[in-house]
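Biologist: I'm new to this one and would like to learn how to read it. Could you walk me through it, feature by feature?

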Amino acid sequence: MADRSEIDDVRARTDIVSVVEQYVTLKRAGRNLKGLCPFHNEKSPSFQVNPDLGIWRCFGQCGEGGDVIKFVQKIENLSFQEALERLALAAGVTLSRGQNQYHHSAEPSERDRIYKVNALATRYYQDMLKRSPVAQEYLEKRGIAHAAQEAFLIGFAPDSWDGLVTHLAQQRVPAADAELAGLVSKSDRGGYFDKLRGRLIFPILDVQERPVAFGGRLIEEAKPGQPKYWNSPETPAFVKSRTLYGLWRARKAIAERGQAVIVEGYTDVVAAHQAGFENVIATLGTSLTEEHVKVLARLAQSVVLSFDADSAGLQAAFRAAKIFEAQEIEVKVLNLPVGEDPDSLLKAGRRQTFLEAVERAAPMMEYRIRQLVQTMPHDTDAERVALFRKALPVLASVTSVIEREPYIRILAPYHPQYSNGTAYAEDQIREDVKAYQSGHANPDAAVQHAPPSGETNAYRRPTEPAAGRTGVAERQLLQALVSGDPELSLYVYGSIRPEAFVNPEMQVIADRLYAQYARTGSFDAAVLVGELEDANQQNVLTALLMGDKAPLNLKALEDSVSHLKNKIDNLERDKLRERINSGNATAEDVKKFQLLHGRLKGTERALDA
């Protein structure tokens, strides 16, 4: 055990406030500092730190307390010896071994071995960046200045199979430790090879500024079998669901402003910080989790999401609305110009546009309602019914009647009964929401306006599969994606987009599978089952995985792809025909209708032949 004097020296040389503030936002309250306890959920701050005495205590539910060593033990899940050693290293205190041989002389923990490997790898990648004109040119084109490269420790992994392996061997680091960190893999011949090759490297640091993982982006065109982006696997030092990229640099700015802006990519974060938006962070190829929200709740009162409108990340954030609500975090959604993201806007020098977008970000529910109105057709009664089938769950999720009213007013003009007056339509919506919340809502009856005969299927229940040939085609394509056969799954991936699926559950599943492949380079339906939070979607996917499967071949898949594409073209042609018949069509509408009509007629003649 370390000498008592050494332990006291570590405590004396360690500023408990600086340590605690890496995890908790503290505010002065007389002689103490107060904040939300990091060890249990609470809405009012009951956690206090006394800097004079060097101690902390929770006066709330958990009642925990102790010194700085105890705090690090609990927050990092370490033993006393591990916490002491970590603080001693930061404070510059050398610990003796003592008679009982202090932990320092024993084998280092897995986490400590990973920290060491990652620190060496970070320096190696930074050195390789300095030696690579190609990588430097790429960063220059992306508008990432040298100062930002240094601030975020950006590096480069050369297109070599053993560059890092060789470097670590020269540093006398066992290759097995690098494998534990997820940086190298073992070959069939027993040797090791680098996982990261030909990629720009973004080290991922924890709040104590230790590199715990890496993200890599190919700087050339994607190579067969290699995804554009690569993230470290989870390790004893890295859990994706608790980690946010850039938080180690953004934490102070988030606490000062009371707001965090969450984006989707590493370069978005770097570009934002470079432009002075230092409260910007990103998720790591995963959806926002309850752990992420809890971390943010200790720092901010509001979160602004800057995700693509059709991204899996934004859809997951919608599903996580209750988690944000439980932590009393206000959630808003950024509405950037079409085709733009933070990186592209800021690289183009449009800082003011981004700033105004953040300031005008809409509350999550308002954004969802307006997105439905903007993206779903609502010219015919059947289309309005379909719109309200999507809108009802969103409205019903707003528990406050007062908060729900503005959204009802937004939707009223699109209700099938709006022709009877605004007040009447609003009353109908209120009744529909009440029926939905009571569990007695019938999809066709809830919107008190059944579609015309022959169009009732436009408002079917979510779990009902699309009927006939379309349903068969969608099932075949999803089965191919999860079949494990690379030829079949990659054919589907390259031939059709998720938006072509008619059944809403199947469309979401396809979208999530595509996002999974873009992120990991594989389709893993078993993992996706656990990630889906919607019961209907889980039911559809488990049925695909466990139900009877028809034999699949490329010819059958080609026919299914062709059928769904023709289905979309038919729907588009019918919409244009309605517009032309009503006299509201533009010259461009007429031209597009003629092209679609000719193409579909050609397909029909080919089928008849």
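Biologist: Let me start with a cysteine: is C58 buried or exposed?

Modeller: C58 is buried, with a relative accessible area of 1%. Buried means under 20% relative accessible area, exposed over 50%, and partly exposed in between, using a 1.4 Å probe and protein chains only. Before we go on, a word on the source: this is a predicted model, where local features need pLDDT of at least 70, side-chain atom pairs count only at pLDDT 80 or more, and totals for chains, interfaces and linings use all residues. Residues are numbered from 1 along each chain as its sequence is written, and side-chain values use heavy atoms, with hydrogens and water left out.

Biologist: How many disulfides does a search of the whole structure find?

Modeller: A disulfide is a pair of cysteine sulfur atoms within 2.5 Å. The search finds zero here. For C58, the nearest cysteine sulfur belongs to C62 and is 3.5 Å away, and C58 is in no disulfide. C62 is in no disulfide either, and C62 is partly exposed, at 27% relative accessible area.

Biologist: On to charges. How many salt bridges are there?

Modeller: Side chains of opposite charge can pair when their charged atoms come close. The rule used is a side-chain nitrogen of Lys or Arg within 4 Å of a carboxyl oxygen of Asp or Glu. By that rule, the whole structure has 22 salt bridges. One of them joins D343 and R142, with the closest N and O atoms 2.5 Å apart. D343 sits in helix α15 (residues 342-347) and R142 in the loop between α6 (133-141) and α7 (146-151), so this pair ties together parts 201 residues apart in sequence. Helices are DSSP runs of H or I, at least four residues long, numbered from the N terminus. Both partners count as buried: D343 at 5% relative accessibility and R142 at 17%.

Biologist: Which residues are linked in a network of salt bridges?

Modeller: E76, R86, D112, D206 and R210 are. Within that group, the side chains of R86 and D112 meet at 4.0 Å, N to O. R86 is in helix α4 (residues 80-91) and D112 in helix α5 (residues 110-130), so they tie together parts 26 residues apart in sequence. R86 is buried, at 15%, while D112 is partly exposed, at 25%.

Biologist: Which residues of the largest nonpolar core touch the most other members?

Modeller: A nonpolar core is a set of buried Ala, Val, Leu, Ile, Met, Phe, Trp, Tyr and Cys residues joined through side-chain atoms within 4.5 Å. In the largest one, of 78 residues, F47 and I281 touch the most other members. Helix α18 (residues 381-396) gives the most to this core, with eight residues. Another core, of 61 residues, lies apart from it and includes Y138 and A282.

Biologist: Last one: how many residues of helix α11 are buried?

Modeller: Eight of the nine residues in α11 (residues 266-274) are buried, among them Y266, V269 and H273. After α11 comes G276, whose phi is positive, near 100 degrees.

Technical notes
Helices (H or I, at least four residues) and strands (E, at least two) are DSSP runs, numbered from the N terminus.
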